Structure formats: C-alpha cells, structure tokens
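Here is a short briefing on one structure. It takes a strand pairing and its sheet, then the ligand site.

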Amino acid sequence: MRFIVQKFGGTSLVTGELREQVANKVIAVKEEGHTPVVVVSAMGRLGDPFATDTLINSIRDEYKDTEIREMDLLMSCGEIIAGVMMAATLQKKGHAAVCLTGAQAGILTDGAFSDARIMKVKPDRIIKHAKEGKIVVVTGFQGMTEDGEVTTLGRGGSDTTAAALGVALDATYVDIYTDVEGIMTADPRIVEEARPREVVTYDEICQLAHEGAKVVHPRAVEIVMQKNIPMRVKCTFTDGPGTLVTSTGEVNKGTIDITRDRTITGITQIPNLTQFKVPVDENEEGLRQKRRLFKGLALAGISLDFINVYPGMVVFTVKDEARQKTAQVLENTGFTADVTPGCAKVAAVGAGMTGVPGVMASIVEALTREDIQILQSSDSYTTIWALVRREDMEKAVRALYRQFSS
Ligand code: ADP
Ligand code: MG
C-alpha cells in the first residue's frame, strides 16, 4: 500500500461545507490509487464550540486547579469530535471510513501531560482497516502512555501525529492542509503580498517554525526528516500545488536550486516577549553573580531566549507570561533588573545568507528607516533577528519583507 497522510487543521473543518471539501480531497487521493490516512485537529478556533481553547476555558473559568491529567483528557475530546464528524462525512458520501483515537491508532507517548512526546507508533490497526478498504481517520494531537493514560502533544501537535504516522507507514507524502497556500515568504496575516514558496528544505522550515512561523510544527518536520519522507503544505480551499518540503539532496537532484537565488527564506515574528537587562559587577564578583543568576533562573524552570552576556550586563528575554516569575527570582537572588515588557522578535531566516556580507546592515537600515527602535539583535548561521516593541512588530515585519523581496 502506498500511503498518503493528510492532516487537516482546525480552520479546515469548522463547517459541514468545509468538511465536504476535505472529504473530496481525501477521496481524490484514494481514487489516484493511494491509501489516504486522515489526521484531524479540533474544529475551529476559540469561540467555536469544540475548539481546544473553548474546551480549556469551559473548565478553567470555574475549576482553576484542575489537574493536568484531567485537562489532557478534556483536550483530547476536540479531536475525537472532529474525527467522528470527518468519518461520518466520508460515510455519508458512500466511502467506508473508521475513526481511531490516538491510542487506538497506536500512538505511544511519554507521560508528560499537555506536552507529551511520541515514543513509538504501532500502526497495525491502521493497516488492518486500510486493507479492509476503509479510510482511516486518526484524531491528531493525542496519544497514550504505556500504562494507558491519555496524553496530548502540545500546540501544533496534530502536525506531529501526521509526521509520526507518515514515518510509521512509510508514506509517499505527509500532506499538511491549512488555510494558506503553503509556506509563505512571511505571515500572510501581516504581509499581504507574501507568496508561497515552491520548495523549501527541512532545515529551512525548521528554522522558520522555531522563529515563529507556526504553519508547521518544527517537531513534525524533525520527524519526517529522519526518514526523508517528503512533506507538502497545501491549502484546503484551493487546488494550488502548495509547498514541497524536502532535503537539500533531493532539491539539488532536480533543476531547482532554491538556495542560490534567495538570501532569505522568510520573515518571521514572535510577539509577547519581555526583555530583562540585569547589571552585574565587571570584576570577579560579576562572574559569581552571573553564575548565581543563571542557576536561579534554571532552577525555577524559566526558559530564557536571546541571551547576551557582557562584562557588566546580562540581557535576555522571556515570554510575557513568565515575567512575574522571572522578576521574583531575580529579586530573591539579589538582582535589580531593567524590565521592558511588550516586546516582539522579528527575524529574517535563510540558509542562503550564510556568509553574505551586509545582511545585518540592511536589516538595521530597513528598521531605522521606519523609526523602529532595535532593543537587541543578534545573528546566527541562518537567522538574523531584532527585538522591537510589540507595537512596532507588524511594521518591522513589513519593512524587512520589503527590504529582502526587492
Ligand atoms: P492549522 O489550524 O491548519 O494548523 P495554523 O494556524 O497552525 O493552521 O497555521 C496556519 C497559519 O500559519 C496561517 O493561517 C498563517 O497565518 C500562519 N503563518 C505564519 N507564518 C507563515 C508562513 N511563513 N507561511 C504560511 N503561513 C504562516
Ligand atoms: Mg497548526
């Protein structure tokens, strides 16, 4: 059997009409002679009755202290409802279909409730149903521990489910269907003229995803990459070709050289960050202070980003929601910090800029021309980023986009 895993995101499943369209995409794959395995997310976004965030709020408002285990059980319901609806849509159209929960589909995870990792996939039951000619619909975002606990995989977890199934079934493709035309040069909600990329490498999409382009979960890409399973990001609502995600080797085999003709793969953003500037002594005492500082934050489980260490200063950012806790830890360990909440990170990502001179200069130029203050900046092998104020984020993304697309 030649499997194609087709994952459909929440916005693709909200109405009966959309589910019809989704069913048609699934049936088309079957009629081409492939065996579709469908993975679904919960239907819709906050406010829609069975969306994950709606389910969370329905409990959290009244029962703030609900255990994380029970939250996972609750959160797994959104996908179950979507999966049943999808199987029902296929059945209504005259196709045999069966909905399996993550556990039934053989997705085994570790025990980290709300952010579990897939450890193993036993796809026997999927294969059995597929051999019977049934279209298998699997509920995304969830799995089961060895001892039978239901777990969820964290935000974007359905992408991970699809990737893991793709590897377990040695699928021809893992297709991620969403509400945009593919992997775009920037978030289309911010940059109107952003356009889809035809091909990107696994590395490029991982970078984009880590830097905030949440169109595909980076963990999902890391999984398909291990077995070189090609992934395609496609639009549920159109018949566009979408974006092919593959290895550099595959790309170079063909005629498309995707790194030579572009410096930047895409522009990304991460909102809602807080910057901390912590003055320390410049002498030997300063070294001890730095050790105490990082140890205190690590012990408190605070994850830091964008760390710059200078002789008399340590600068870093945390997510806005970790601000209070971070401030508390600093106070308890004897530091006074200069705190700037409401920041955002904008980044230009691209393997093609390695070694290209002047990329940082053009970023600075693009931002300062728009009177955007750069609070912090840095670069790595494939990414150049700047921290700006949240209210400047959209303007900054557009400025970078214009700078690099001309
Ligand atoms: P789904 O519910 O299908 O999983 P997501 O919201 O997780 O959808 O991902 C799709 C969204 O990702 C798009 O609607 C788009 O706004 C956003 N996005 C951010 N950056 C990019 C990018 N570079 N390319 C495509 N989409 C992007
Ligand atoms: Mg998603």
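Gln275 has Thr317 of β15 as its bridge partner. Seven bridges join β13 (residues 266-279) to β15 (residues 313-319), and the sense is antiparallel. The model is predicted.

**The sheet**
- β13 and β15 belong to an open sheet of six strands, ordered β14-β15-β13-β16-β18-β17.
- Pairing in this sheet is antiparallel.
- β14 (305-310) and β17 (376-379) are the edge strands, and each pairs on one side only.
- On average, neighbouring strands of the sheet are turned by 25 degrees against each other, direction ignored.
- Strands of a sheet pair through backbone hydrogen bonds, either parallel or antiparallel.

**The ligand site**
- Ligand 1 is surrounded by 18 residues.
- The closest are Arg45, Thr178, Asp179, Met184 and Arg189.
- By class, the shell has eight nonpolar, six charged and four polar residues.

**Polar contacts of ligand 1**
- Thr178 places a polar side-chain atom 2.7 Å from an oxygen atom of ligand 1.
- Asp179 also has a polar side-chain atom 2.7 Å from an oxygen atom of ligand 1.
- For Gly10 the backbone takes part: an N or O atom lies 3.3 Å from an oxygen atom of ligand 1.
- On its own, ligand 1 has 580 Å² of accessible area, and the protein covers 89% of it.

Conventions:
Residues are numbered from 1 along each chain as its sequence is written. Chains are lettered from A and ligands numbered from 1 in the order in which they are written. This is a predicted model: local features need pLDDT of at least 70, side-chain atom pairs count only at pLDDT 80 or more; totals for chains, interfaces and linings use all residues. Side-chain values use heavy atoms; hydrogens and water are left out. Two strands pair if DSSP finds at least two bridges between them. Helices (H or I, at least four residues) and strands (E, at least two) are DSSP runs, numbered from the N terminus. Axes are lines fitted to C-alpha atoms, for helices over the stretch in contact, and angles run from 0 to 180 degrees between N-to-C directions. A residue is near a molecule or strand if one of its heavy atoms lies within 4 Å of it. A polar contact is a pair of N or O atoms within 3.5 Å; within protein, one must be able to donate a hydrogen and the other to accept it, and residues adjacent in sequence count only if both atoms are side-chain atoms. Accessible areas come from the Shrake-Rupley method with a 1.4 Å probe; for residues, only the protein chains shown count as cover. Ala, Val, Leu, Ile, Met, Phe, Trp, Tyr, Cys and Pro count as nonpolar, Asp, Glu, Lys and Arg as charged, and the others, Gly among them, as polar.
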